[in-house]
Amino acid sequence: MKSFFALAAGHVATSLALSTTSIIASTNLAQAADLTFNWKGDAGYSASGSFSYDETTTPAIISESGAGSTKALQSLNVSFFNPSQELIGTKNEVVNGVSSNQFFNFNFDTTTGNLFGAFDLGTGSGKGDVFISNVETPDGILISPGATYYLYRNITVGNTQLLDSSPNRIKASAVPEPTTILGTLVAGMLGVALSNRTVSKKI
């Protein structure tokens, strides 16, 4: 006779397996790609962000600019930190496929994972806002996008303070898929269930 614990473990493992199958099916319909990126300046300031897009409809090169509906990005947010790693600003740059920043610039190669060309995003426009850009010099002169990224703070409109800069390029990395994590958990639960069954038989 099977023990209560063996039956319970088997039930939990079966339920998890069915739930995972359902999640995998619904996730495959969307095929959303979720990525993160990080930047750190020579003076210790840093920025980190995440973005997503639909892999089934997005071209190899994503190029976005200005406010309004985006062509590929579904979401994008960025946070800025001082050298003590204290948060100094956060912005949901793109929400549900819509950008709220008229100065928004974003270019991404989905095949290499590299951010390239024009890159300009931040907390908006107004007193105390923070943004990162490689399309203008510390003096505010527009230039061809290069490899150097500048982190600014707008003290007042028209008066910009350079906080940090770095020639380090920015590369995005994929966020582990929830289905992969759940699959690992299910495998572990199945192992526990089988182990409990073996023990119950011996008893």
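**Strands, core and rings in a predicted model**

Me: In which sense do strand β10 and β11 pair in this predicted model, and over how many bridges?
Reply: Strand β10 covers residues 120-122, and within this pairing Leu121 stands opposite Ile132 in β11. The sense of the pairing between β10 and β11 is antiparallel, and the number of bridges is three.

Me: How many bridges join β11 to β12?
Reply: Strand β11 also runs antiparallel to β12, and one of the positions involved is Ser133, whose bridge partner in β12 is Tyr150. The number of bridges that join β11 to β12 is five.

Me: Which residues of β11 are buried on the side that holds Val130, and which on the other?
Reply: Five of the five residues of β11 are buried, so this strand is largely enclosed by the rest of the structure. Both faces are covered, with Asp129, Phe131 and Ser133 buried on one side. On the side that holds Val130, the buried residues are Val130 itself and Ile132.

Me: Over how many bridges do β1 and β2 pair?
Reply: Strands β1 and β2 pair in the antiparallel sense, and one of the facing positions is given by Ala32, which stands opposite Asp54 in β2. The number of bridges over which β1 and β2 pair is nine.

Me: Which residues of the largest nonpolar core touch the most other members?
Reply: In soluble globular proteins, nonpolar side chains tend to be buried together. Here the largest nonpolar core holds 28 residues, and the elements that give two or more residues to this core are β1 (32-40), β2 (46-54), β5 (73-81), β8 (105-109), β11 (129-133) and β12 (149-156). The members that touch the most others are Phe51, Phe106, Phe108 and Phe119.

Me: Is Phe106 buried or exposed, and what is its relative accessible area?
Reply: Leaving out residues up to four places away in sequence, Phe106 touches Phe51, Ile62, Ser63, Glu64, Leu73, Leu76, Leu115, Ala118 and Phe119. The area computed for Phe106 places this residue in the buried class, with a relative accessible area of 0%.

Me: How many residues apart in sequence are the parts that the pair of Phe37 and Phe51 ties together?
Reply: A search of the whole structure finds 12 aromatic pairs. Phe37 and Phe51 form a tilted one, with 6.2 Å centre to centre and 40 degrees between the planes. Since Phe37 lies in strand β1 and Phe51 in strand β2, the separation in sequence of the parts tied together is 14 residues.

Me: What is the angle between the planes of Phe104 and Phe106?
Reply: A pair of aromatic rings is described by the distance of the centres and the angle of the planes. For Phe104 and Phe106 the rings are stacked at 6.4 Å centre to centre, and Phe104 counts as buried at 1% relative accessibility. Planes under 30 degrees apart count as stacked, and the angle between the planes of Phe104 and Phe106 is 20 degrees.

Me: How far from a polar atom of the side chain of Asn107 does the backbone oxygen of Ala118 lie?
Reply: Asn107 lies in strand β8 and is buried, with a relative accessible area of 11%. Leaving aside neighbours within four places in sequence, the residues in contact with Asn107 include Asn114, Leu115, Phe116, Gly117 and Ala118. From the backbone oxygen of Ala118 to a polar atom of the Asn107 side chain, the distance is 2.9 Å.

Me: Is Asn96 buried or exposed, and what is its relative accessible area?
Reply: Asn96 is found in the loop between β6 and β7 (98-99), and the phi of Asn96 is near 50 degrees, a positive value in a residue other than glycine. Gln85, in the loop between β5 and β6 (87-95), also has a positive phi, of about 65 degrees, and counts as partly exposed at 48% relative accessibility. Asn96, by contrast, is exposed, and its relative accessible area is 72%.

Terms used: Residues numbered from 1 in each chain as written. Predicted model: local features only at pLDDT ≥ 70, side-chain atom pairs only at ≥ 80, totals over all residues. Heavy atoms only, no water. Core = buried A, V, L, I, M, F, W, Y, C linked by side-chain atoms within 4.5 Å. Buried < 20%, exposed > 50% of the residue type's maximum accessible area, 1.4 Å probe, protein only. Helix = DSSP H or I, 4+ residues; strand = E, 2+ residues; numbered from the N terminus. Contact = heavy atoms within 4.5 Å. Pairing = 2+ DSSP bridges. Phe/Tyr/Trp six-rings, centres within 6.5 Å; stacked < 30°, edge-to-face > 60°. Polar contact = N/O pair within 3.5 Å; in protein donor to acceptor, adjacent residues only side chain to side chain.
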